[in-house]
Amino acid sequence: MSELRKRGLTTAVICSDPFIKLGTTQAKVFGTPDLPLVKIPHPLGGLSLEQVEGRALVAVPQIVKLIEEHAK
Amino acid sequence: MSDLAELLKAKDASIDVDDDFDVINRLYMERGWSDGLPIIPPTSERVEKMLEYCDRPWHEPIAKMAPRYGEATPLRLAANAVMAGCEPRYFPLYMLAIEAMCEEPFNLYGVQATTHLCAPLVIVNGPVAQELAINSGHNAFGPGTHSNATIGRAIRLALVNIGGAIPTLGDMSTFGAPSKFSYLVAENEAQSPWEPLHVEREFPQEANTVTVVGAECPHNINDHESLSGEGILTTIAGTMAITGSNDIYYSAQPVIVMGPEHAKTVANDFSKADAKRFLQAHAQLPLGKFSKENIERRFRVTFKDRYANAGLDAPVYAVQNAADIIIAVIGGAGKHSAYIPTFGATKAVTRALKRKDGQLAKSVEDFRGR
């Protein structure tokens, strides 16, 4: 994802809350400290389809915002 | 040989601290450079002595360690080896283990950062085990042996300080494991009725090797009654057939640590390859033993080619391929073996100790050129 970011594409990594620190650290490791992280609630395992849709509803506005900002 | 004084002039290569054991240990603990136990201060004198057993430039990385992808230079590795309490003659084997776990098939990123509780297990083969007095007998996985304890600890310190396996930042293990302090043993080749692990993995008998496995802690297998190979293997296979293992979902390579007494009984009736085939075929449980949700959401979807319409009596195998089972004879007297499941998304890697000229090193001293 960092490579795509470096090429100028709109990119993001979706992380559940406990993984935000790992995501932030890894973004720095790969030379893209500004790599956007889309934060969704934990957990991801054992979700019903409705709960998965709920996670998507949290993620989508963040992704739309990223795309809009990138287009400017 | 490199010039240590020159290398230590680099930015952040060294720190000046009062020559006080407690002060230094407090500092290392505060900065997250320790495993929680006291460390031996890595003074330049001690690090230089450690590097007497290094055959390459001290500042050139031998590998990059995930997830930080920190450069594992001999200098950095030596500092961690000193901290762990290693003797300098342990250094070549320690470097070899680091190189092995940084090979791509091992998937060090996954092993380090996963929520699973795995740690790199190092199994040593060859005469070097005796040379360095690495325990392969009673309590081989436990405390009490300097080389097992300190080489294993040096690996962990490197995984943290160079690889960045810091809880919540680079190590997301839900529980962690005691094996994350130190996890290094030798195979008990003298008590094994079969060819050693490294020979089976196509290395010459005289080679000195490390085999690294992204492994859980050992789970004991008690069988005091079976008098036949089939009996012992039936007990082992039964222990392997569990519902909560990662290995079920991958082409995994779990380890069967066979106690010498069990191995002797099994070898009366089975070659090592036959024993593996028996274990693969019998380490199975019916699909119905899994939870309804696991069946519906995982087996019927992810493994739909096998289980989309399978009945609840359909077999689920603990290991997919017989040849992938790693059998190592380790331990002392007693009618016990042990099962070591793995992270699953990892492959065991074996590497041999070689001299500068590319020939197999007969010993650590041969490696050093003496």
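In helix α4 of chain B, Pro74(B), Leu77(B), Ala78(B) and Ala81(B) meet Phe91(B), Tyr94(B), Met95(B) and Ile98(B) of α5(B). The residues of this contact comprise 8 nonpolar, no polar and no charged ones. The structure is a predicted model. Two packed helices are described by the angle between their axes and the distance between the axes. For α4(B), residues 74-84, and α5(B), residues 91-101, the angle is about 115° and the axes are 11 Å apart. The crossing of α4(B) past α5(B) is right-handed. An α-helix has 3.6 residues a turn, so residues three or four places apart point the same way. Among the contact residues of α4(B) are Leu77(B), Ala78(B) and Ala81(B).

In soluble globular proteins, nonpolar side chains tend to be buried together. The largest nonpolar core of the model contains 103 residues, of which Ala81(B), Leu93(B), Tyr94(B), Ala97(B), Ile98(B) and Val212(B) touch the most other members. The largest share of this core, 9 residues, is supplied by α5(B). Val212(B), apart from its neighbours within four places in sequence, is in contact with Ala97(B), Ala100(B), Met101(B), Phe106(B), Pro120(B), Leu121(B), Val122(B), Ala348(B) and Val349(B).

Chain B includes an open sheet of 4 strands in the order β4-β3-β5-β12, with mixed pairing. The edges are formed by β4 (184-186) and β12 (349-352) of chain B; each has a single partner strand, so one side of each is left without a neighbour in the sheet. From one strand to the next, the twist averages 25°. Strand β3(B), residues 119-125, runs parallel to β4(B) and is joined to β4(B) by 3 bridges. Within this pair, Val122(B) is placed opposite Leu184(B). Helix α5(B) packs on the sheet, where it touches β3, β5 (209-215) and β12 of chain B, and its direction makes about 50° with that of β5(B). Helix α8(B), residues 146-161, likewise packs on the sheet, touching β3 and β4 of chain B, with a direction at about 135° to that of β4(B).

Another open sheet of 4 strands in chain B has the order β6-β11-β7-β10, again with mixed pairing. Here β6 (219-222) and β10 (326-329) of chain B stand at the edges; each has a single partner strand, and therefore one side of each lacks a neighbour in the sheet. The twist in this sheet averages 25° from one strand to the next. Strands β7(B), residues 255-258, and β10(B) run parallel and are joined by 4 bridges. Val255(B) stands opposite Ile326(B) of β10(B).

Several backbone features fall in or beside loops. Most residues other than glycine have a negative phi, and most peptide bonds are trans. Asp12(B), which is not a glycine, has a positive phi near 60°, and is found in the loop between α1 (4-7) and α2 of chain B. Asp12(B) has 5 other C-beta atoms within 10 Å and is therefore exposed. Asn107(B), also not a glycine, has a positive phi of about 60° and lies in the loop between α5 and α6 (108-113) of chain B. In contrast to Asp12(B), which is exposed, Asn107(B) counts as buried because 20 C-beta neighbours lie inside 10 Å. Helix α2(B), residues 21-30, is hardly covered, with 1 buried residue among its 10. The helix is followed by Gly32(B), whose phi is positive, near 75°.

In chain A, His42(A) and Pro43(A) are joined by a cis peptide bond with omega about 0°, and Pro43(A) is located in the loop between β2 (37-40) and α3 (49-71) of chain A.

Chain A has 3 helices and 2 strands, arranged from the N terminus as α-β-α-β-α. The C-alpha trace of chain A spans about 35 × 25 × 15 Å along its principal axes. Of its 72 residues, 8% count as buried. Among contacts in chain A between residues at least 6 apart in sequence, 62% join residues at least 24 apart. Between the chains, 6 residues of chain A are in contact with 8 residues of chain B. The chain A side of this contact has 3 nonpolar, 2 polar and 1 charged residues.

Notes. Residues numbered from 1 in each chain as written. Chains lettered and ligands numbered in written order. Predicted model: local features only at pLDDT ≥ 70, side-chain atom pairs only at ≥ 80, totals over all residues. Contact = placed C-beta atoms within 7 Å. Nonpolar A, V, L, I, M, F, W, Y, C, P; charged D, E, K, R; others polar. Buried ≥ 20, exposed ≤ 12 C-beta atoms within 10 Å, placed from the backbone. Axes fitted to C-alpha atoms, helices over the stretch in contact; angles between N-to-C directions. Left-handed = near helix turned anticlockwise from the far one by under 90°. Pairing = 2+ DSSP bridges. Core = buried A, V, L, I, M, F, W, Y, C linked by C-beta atoms within 7 Å.
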